[in-house]
Structures are given as structure tokens and as C-alpha cells.
Amino acid sequence: LICVDWGTTNLRAYLITANGEIVAQRQSPEGILNVPSGGFAEVLNNLISDWRIQGDEQIPVLLSGMIGSKQGWIEAPYASCPVSPSDLCHQLSSVPNQAQMWIVPGVCIQDPPDVMRGEEVQVFGALDLLKTNDGLFCLPGTHSKWISVNQGRVEHFATAMTGELFATLKNHTILGRLMPEASATEFDQNAFCQGLATAKKDGGLLHHLFSVRTLGLFERLPASALQSYLSGLLIGHEIQDLGFNMIHQHEVILLGAPALCQRYQEALTYFKCRSRVISNDDVTVQGLKRIAQEAKIISGS
């Protein structure tokens, strides 16, 4: 099987055996926003064409992520929560003019409306690796996801625009005026924890945000620490708002970039919550393999 994780900014492909062993992997910066109109087939072919033919067989390809969005190759309809791997495999979208190639649907909630593409694959892969059917997952990033799973089905999830808000506030508002260039800023653990502490106080996020400026104006934090304080403030509010009141009853499973997951793990520890980090590559491949098996695209156990 060829597993493809095609997001907004990056494209990753993995050639795996039926039991999930990664034989080869490749990465490209040609995320969906970096591909010209009508160019998806050419980009993917350039990346994996030498993998596809083995003997007389054409190796099947299963894709997930933003490649199935309105801006992607084709729009793969969303599956509605609650959703299991079996539900996803019954709603795969065939890619036109491409043999043995399918896109995994995203997942949606109607009230209030929310969507995700690709994160559901990672969660199902993590469940398999952890040999469990339940859990609370956090996938930090530009748009962080909090996902609750019960008896092998995604029952609820919520999105927080934490990463995008951080970048916007830092680069395009008055809060960033006192911050030095990113290259001159190192992570400040004390300032990060001070941001977490502020998030626990009364007043709300909109009020707390202005403290990034006032702490700098009154030199209660050095300019080099303001970015870390803002990070702690936003992550602290995210954890409090989107933990589904479950963070003290469950270990939070973190899936994402190691450095960012470490920040979330530090924040969860501050809030006296248990957590652990799992590799992104492992869960994506495992999740796509699980869906391919349920859809009878490949055999295996």
C-alpha cells in the first residue's frame, strides 16, 4: 500500500507492507496550496511513480488530509460524527482517471459546525498502536483539534485556531510591536508558565491578551519573553476551553510536531493533567492501513 498524507503545506508518502512496515518514505513541500490548478496528478506521479508498479501489479494508493477539500484534487464528502474506521472505508472517494486510488473522507459535526481532514486518520492509527478503543486526543497546530473517542468511534471534536491566532497577534497587531524578531527570541519557560497562570484567572481571553502589551510596557517581562508568555496564554485558554471537562479523568494523547507537543505537555502538566506524545508518521500510516484493510483494498491483520 502507498499511504499519502497531503496537507496544506506538505506532502508525505509512505510505501508500506501489508503488516504496516514502512519500506520507504518521501516528503515534498508541494502541499495543496503550492500545486497549480490541475497539477495534483503530476505532482503525485513525480513522487511515487516508481513505487506503483511491482511485477504485474499496480500498488493501491490511499490519500488523506486536505487533498480531499474544496481546494484539493476532488472534494471528498464528510462523514458525520459519530464515526468509526468502518464508516470511513464505506465513504472513500475514487480519484477520477486514476486506477486503484482513493481519498479518505473528512469528518464533520453539525451543531455547532466543525470539520477535520486527516486528524481522524491519525486518531484511529493511534488507537490501534495503543491497543485501546477510548481516549482523549489533542492535535496541536495551526488549527488544533481536541477529539474524544468512545468504543472506537470519534464521538465529538472541536477546533481551536490557536496557532493561527498566535501568528496573527504576533505579526499583525500591536501586541507584536514590543517583540523582537523571532530569530532573536528563545523560549522562556517562566514567561510561558506565567501565561498559563494568567489563563486560569478571571477576565477571559480578550482581556488577558492585552496583558501581553502591558507587561512589556511596564517592563515586568523582557521583550524577549513576551512571545513565550503569549504562547502560554493561548494554550492555557485552549486547554481550559476545549478539554471537554475530561482532562483530569483521562490521559491526553498528543499527536503532532515534537516541539509543539512538548509545549502542550508542559501546559497539561501545569494543569495537573497526564499526557503522552505519539509520533505523527506512525499513526498516519497505521490509520491509513487500518482503513485500507477494512475497505478490502489490502489484506492483512
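Contact here means heavy atoms within 4.5 Å. Helices (H or I, at least four residues) and strands (E, at least two) are DSSP runs, numbered from the N terminus. The model is predicted: local features need pLDDT of at least 70, side-chain atom pairs count only at pLDDT 80 or more, and totals for chains, interfaces and linings use all residues. Residues are numbered from 1 along each chain as its sequence is written, and side-chain values use heavy atoms, with hydrogens and water left out.

**Stop 1: α4 and α8**

Select helix α4 (residues 162–172) and helix α8 (residues 223–242), whose axes are 10 Å apart and which pack at an angle of about 150°. Axes are lines fitted to C-alpha atoms, for helices over the stretch in contact, and angles run from 0 to 180 degrees between N-to-C directions. On the α4 side, show Thr-162, Leu-165, Phe-166, Leu-169 and Lys-170; they meet Gln-227, Leu-230, Ser-231, Leu-234, Ile-235 and Glu-238 of α8. The α4 contact with α8 has 6 nonpolar, 3 polar and 2 charged residues. In this count Ala, Val, Leu, Ile, Met, Phe, Trp, Tyr, Cys and Pro are nonpolar, Asp, Glu, Lys and Arg are charged, and the others, Gly among them, are polar.

**Stop 2: α5 and α8**

By class, the contact of α5 with α8 has 8 nonpolar, 9 polar and no charged residues.

**Stop 3**

Move to strand β1 (residues 2–6), where 5 of the 5 residues are buried, so the strand is largely enclosed by the rest of the structure. Buried means under 20% relative accessible area, exposed over 50%, and partly exposed in between (1.4 Å probe, protein chains only). In a regular strand the side chains alternate between the two faces of the sheet. In β1, Ile-2, Val-4 and Trp-6 point one way, and Cys-3 and Asp-5 the other way.

Two strands pair if DSSP finds at least two bridges between them. Strand β2 (residues 11–16) runs antiparallel to β1, joined by 5 bridges, and the two form a hairpin with 4 residues between them. Val-4 stands opposite Ala-13 in β2. With β6, β1 pairs in the parallel sense over 4 bridges; there Asp-5 stands opposite Ser-64.

**Stop 4**

Which residues touch the most other members of the largest nonpolar core? They are Leu-62, Phe-137, Ile-147 and Leu-255, in a core of 36 residues. A nonpolar core is a set of buried Ala, Val, Leu, Ile, Met, Phe, Trp, Tyr and Cys residues joined through side-chain atoms within 4.5 Å. A second, separate core of 24 residues includes Val-43, Ile-59, Leu-63 and Val-95.

Select Leu-63, in strand β6 (residues 61–64). Leu-63 counts as buried because its relative accessibility is 0%. Beyond four places in sequence, its contacts include Val-4, Trp-6, Leu-44, Val-95 and Met-101.

**Stop 5: a three-strand sheet**

Finish with the open sheet of 3 strands, in the order β7-β10-β11, with mixed pairing. β7 (79–80) and β11 (113–116) are at the edges, each with a single partner strand, so one side of each lacks a neighbour in the sheet. Strand β10 (residues 107–110) and β11 run antiparallel, joined by 4 bridges. Ile-109 has Asp-114 in β11 as its bridge partner.
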